[in-house]
Amino acid sequence: MPASAIAVEGLSFEYPGVRALDEVAFTVERGSVTALVGPNGAGKTTLLRCLAGLDRPLLGAIRVAGVEVLDEPRLVHRRIGFLSDVFGLYDALTVRQCLAHAAAANGVAAHKLEETVARTAARLAIDQKLDARAGELSRGQRQRVAIGQALAHEPEVLLLDEPASGLDPEARHSLAVLFRGLQSDGVTLLVSSHILAELDAYSTHMLVMRAGRVIENRALHQAAEERRRVRIELAAADPRLRGILQAVPDLLLLESDERAALVELRGDVEAQARLLAALVGAGLPVSRFGEAREDLHASYMRTVAEAR
Ligand code: ATP
């Protein structure tokens with residue numbers, strides 16, 4: 001089985017007179033949650049539609065969940081779940097019927113439909129609305145049904161275009177919890193959104209697009225053996241802080257005064273634990289000690305600025 005859940009090579013797509021994707025190439029690790037980000041018009045929706053086998057590119061190769069999408073677009077529909085940025089529901093059907101229809105269309109056996117609908121409705125917190133018609137739902141409730149339709153058949157890969165749009169803060173938080181749960185079940189997610197703070201809560205990787213190209217594709221969190229930045233603050237100034245830190249092996253002092261410091265430390269969390277023990281052991285009043293990682297927003301702004 002290939003290691004990557006999604007592999008794209010030389011992908012170009014054109015609308016009349018507009019090259020929306022220009023030789024895009026990237027892979028997405030199995031079991032990761034990748035934030036697909038980029039300015040308006042970067043090509044995110046076009047890319048997701050090509051991955052889902054809904055639009056046919058000019059050139060390129062796309063493999064999703066082990067399926068060559070251009071050769072077998074119908075097969076890929078069963079292996080993936082796709083949420084379009086603009087979607088319609090069958091307004092005359094009840095939520096129960098919408099979910100059952102989506103699951104059946106994607107290969108769930110008739111005798112498993114009832115259980116599938118109940119599980120999906122509970123996951124999206126729409127179980128109280130199962131007998132309401134889709135046409136009678138609020139925008140956020142419709143969004144939940146659409147996400148439910150995308151994941152009812154338990155796909156290996158989920159492609160979601162702006163899934164949080166229209167959701168209230170509680171539902172957005174539940175969505176983050178849902179995505180983390182899906183990831184721990186081994187599902188691979190590619191999620192486009194402009195709400196970077198939310199993506200940061202559950203993404204493991206970041207794929208940045210600009211003007212039809214991928215300009216960055218990387219893991220968001222550092223591997224255990226890499227250097228980590230740690231911020232230290234004291235409740236009261238202590239002139240010994242700098243000297244104590246300078247004596248710690250494998251530590252680089254980036255900023256410091258008598259009350260706070262930012263250091264770079266080689267090693268895993270145990271190296272952090274040893275550093276904290278050394279500071280407290282020396283009698284310093286440590287009030288804050290934590291990893292200072294670059295969040296997705298800062299990382300995205302840096303990538304886009306560098307690409308200009
Ligand atoms: P947004 O963040 O605004 O949703 P996006 O990154 O999803 O943007 P796309 O919708 O993929 O971007 O659009 C990529 C490019 O293709 C844009 O230049 C857009 O104008 C163009 N485009 C998109 N859809 C069409 C269409 N149906 N016909 C012609 N051009 C299109």
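Visitor: What share of the contacts in the protein, among residues at least 6 apart in sequence, join residues at least 24 apart?
Guide: In this predicted model, 67% of those contacts join residues at least 24 apart in sequence, where a contact requires heavy atoms within 4.5 Å.

Visitor: Why does Thr-120 count as buried?
Guide: A residue is called buried when its relative accessible area is under 20%, and Thr-120 has a relative accessibility of 2%, so Thr-120 counts as buried. Buried residues make up 44% of the 308 residues in the protein.

Visitor: Where is the place of Thr-120, and which residues is Thr-120 in contact with, leaving aside its neighbours within four places in sequence?
Guide: Thr-120 sits in helix H4, which covers residues 113-123, and, once its neighbours within four places in sequence are left aside, Thr-120 is in contact with Leu-99, Gly-148, Leu-151 and Ala-152. Helix H4 belongs to a protein that has 10 helices and 14 strands.

Visitor: What is the volume of the largest pocket, and which residues are the closest to its centre?
Guide: The largest pocket has a volume of about 600 Å³, and of the 21 residues that line this pocket, Phe-82, Ala-102, Asn-106, Gln-149 and Ala-150 are the closest to its centre.

Visitor: Which elements each supply at least two residues of that lining?
Guide: Strand E6 (80-83), helix H3 (95-105) and helix H5 (139-151) each supply at least two residues of the lining of the largest pocket.

Visitor: How far apart are the mean positions of the positive and negative charges?
Guide: For the 36 positive and 41 negative charges of the protein, the mean positions are 1 Å apart.

Methods:
Residues are numbered from 1 along each chain as its sequence is written. This is a predicted model: local features need pLDDT of at least 70, side-chain atom pairs count only at pLDDT 80 or more; totals for chains, interfaces and linings use all residues. Side-chain values use heavy atoms; hydrogens and water are left out. Buried means under 20% relative accessible area, exposed over 50%, partly exposed in between (1.4 Å probe, protein chains only). Lys and Arg count as positive and Asp and Glu as negative; His and the chain ends are not counted. The place of a charge is taken as NZ of Lys, CZ of Arg, CG of Asp or CD of Glu. On a 1 Å grid over the protein atoms alone, a cavity is a set of points where a 1.4 Å probe fits but cannot get out, and a pocket is an open set with protein on both sides within 12 Å along at least five of seven lines; lining residues have an atom within 4 Å of a point. Grid points are joined across faces, edges and corners, and a volume is the space filled by probe spheres set on the points.
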